[in-house]
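Trainee: I am new to this one, could you walk me through it?
Mentor: Gladly, let us take a look together.

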Amino acid sequence: VQLQASGGGLVQPGGSLRLSCAASGIIFDINVMGWYRQAPGKQRELVATINSLGNTNYVDSVKGRFTISRDNAKNTVSLQMNSLKPEDTAVYYCRADARSRRWTTYDAYWGQGTLVTVSS
């Protein structure tokens, strides 16, 4: 399973960006999909997750500003980021807990990371 993320870039404070991530390969199904981020000098942290039923979870610092969504038929996950702040600057990674066959366990797969810079 491969994950390809896109959509990062430079944006001014208060601006918006939309990140997208597509999973490809031999996929039977995907349980949880999510976005994580790692700022310079900091540990990677969870930003948002969404399961196959559409239930979402957000870190407190992005609640009300970020929205995660997914398309189960296309194996994609997106992160709409509004009201961006300089502290949102980080490399954003998508993750998918997927399995290639039924009756096997889910494994975690990561995208390559996309840089989001919030600066004036």
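**Strands, loops and overall form**

Mentor: Keep in mind that this is a predicted model. Asn 75 sits in the loop that links strand S7 (66–71) to strand S8 (76–81).

Trainee: What is the phi of Asn 75?
Mentor: Most residues other than glycine have a negative phi. Asn 75 is not a glycine, yet its phi is positive, at about 55°.

Trainee: Where is Trp 103 found?
Mentor: Trp 103 also has a positive phi, near 65°, without being a glycine. Its place is the loop between strand S9 (90–99) and strand S10 (107–110).

Trainee: Is Trp 103 buried or exposed?
Mentor: A residue counts as exposed when its relative accessible area is over 50%. Trp 103 has a relative accessible area of 74%, so Trp 103 is exposed.

Trainee: How many helices and strands does the protein chain have?
Mentor: Read along the sequence, the pattern is β-β-β-β-β-β-β-β-β-β-β. The count is therefore 0 helices and 11 strands.

Trainee: What radius of gyration does the protein chain have, against that of a compact globule?
Mentor: The C-alpha trace spans about 50 × 25 × 25 Å along its principal axes. For 120 residues, a compact globule would come near 14 Å. The protein chain agrees with that, because its radius of gyration is 14 Å.

Trainee: What share of the residues is buried?
Mentor: Buried means under 20% relative accessible area. Of the 120 residues in the protein chain, the buried share is 38%.

Technical notes. Residues are numbered from 1 along each chain as its sequence is written. This is a predicted model: local features need pLDDT of at least 70, side-chain atom pairs count only at pLDDT 80 or more; totals for chains, interfaces and linings use all residues. Side-chain values use heavy atoms; hydrogens and water are left out. Helices (H or I, at least four residues) and strands (E, at least two) are DSSP runs, numbered from the N terminus. Buried means under 20% relative accessible area, exposed over 50%, partly exposed in between (1.4 Å probe, protein chains only). The radius of gyration is taken over C-alpha atoms; the globule rule is 2.2 Å times the number of residues to the power 0.38.
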